[in-house]
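Please read them beside the model.

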Amino acid sequence: MKLLEERIRKDGTIRGTEVLKVDRFLNHQMDIGLINEIGKEFKRLYGDCGVNKILTIEASGIGIACITAQFFNVPVIFAKKNKTKNIAGDVYTSKVESFTHGKVYDIIVSKEFLGPEDRVLLIDDFLANGSALQGLINLVRDAGATLVGAGICVEKAFQPGGDLIRSMGVRVESLARVKSMDEATNSIEFCE
Ligand code: 5GP
């Protein structure tokens, strides 16, 4: 998606060779006009797939998922990062390793909100090593729901997550795919 690539070039900040900051427009301050276009693009890609739930992970996926959901006219569920040790039996749970902090944490979704009748689209801001998506996929599978695919704003294609998730047979649509980036030269290259 050219609009997103151009915005990343203009307002993104590269940290080293691994981390891209997009907090001027996507996941801290949020440009709603841009995210509207992102939502429309996910609708164009997945609009004929019978999606009836959108699933994301707190916190930065929530805003993008909510705007996207308006084009699908379906509810959003966000997996919560669980802080208590006792996980009650009325939730689906999975583990996620944080890309930014390296810590492993549990994510949970109430069984009330996801079940075999659901056709689920996953939405997130970034795809790096794939742990967040893998965690969400586990929740969908545990619920017996159908996974339609994943809509990602920025995939860092030089990290293994995209290949990993696609090799599982999951459809992944990323609106900007970063081939390489380098803070030292302030350069960023996108996949064709
Ligand atoms: P993964 O689980 O695929 O390794 O990482 C995805 C999650 O880590 C996303 O939900 C996102 O919040 C965070 N993340 C991964 N890479 C980046 C990055 O370069 N910049 C930012 N801002 N977040 C990232």
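1. A59 sits in the loop between β3 (53-57) and α3 (61-72). Helices (H or I, at least four residues) and strands (E, at least two) are DSSP runs, numbered from the N terminus. The peptide bond joining E58 and A59 is cis, with omega about 0°.

2. This is a predicted model: local features need pLDDT of at least 70, side-chain atom pairs count only at pLDDT 80 or more, and totals for chains, interfaces and linings use all residues. Residues are numbered from 1 along each chain as its sequence is written, and side-chain values use heavy atoms, with hydrogens and water left out.

3. N73 is the other backbone point to check. Its phi is positive, about 60°, although N73 is not a glycine. N73 belongs to the loop between α3 and β4 (76-82).

4. A backbone N or O atom of G130 lies 2.7 Å from a ligand oxygen. For N129, the distance from a backbone N or O atom to an oxygen of the ligand is 2.8 Å. For A132 it is likewise 2.8 Å, again from a backbone N or O atom to a ligand oxygen. The protein covers 88% of the 500 Å² of accessible area that the ligand has on its own. Areas come from the Shrake-Rupley method with a 1.4 Å probe.

5. The ligand takes up the space of the largest pocket. A pocket is an open set of points on a 1 Å grid over the protein atoms alone, where a 1.4 Å probe fits, with protein on both sides within 12 Å along at least five of seven lines; lining residues have an atom within 4 Å of a point. A molecule sits in a pocket if more than half of its atoms lie within 2 Å of its grid points.

6. The lining of this largest pocket has 33 residues, with S60, S98, F99, T100 and D125 nearest its centre.

Conventions
Polar contact = N/O pair within 3.5 Å; in protein donor to acceptor, adjacent residues only side chain to side chain.
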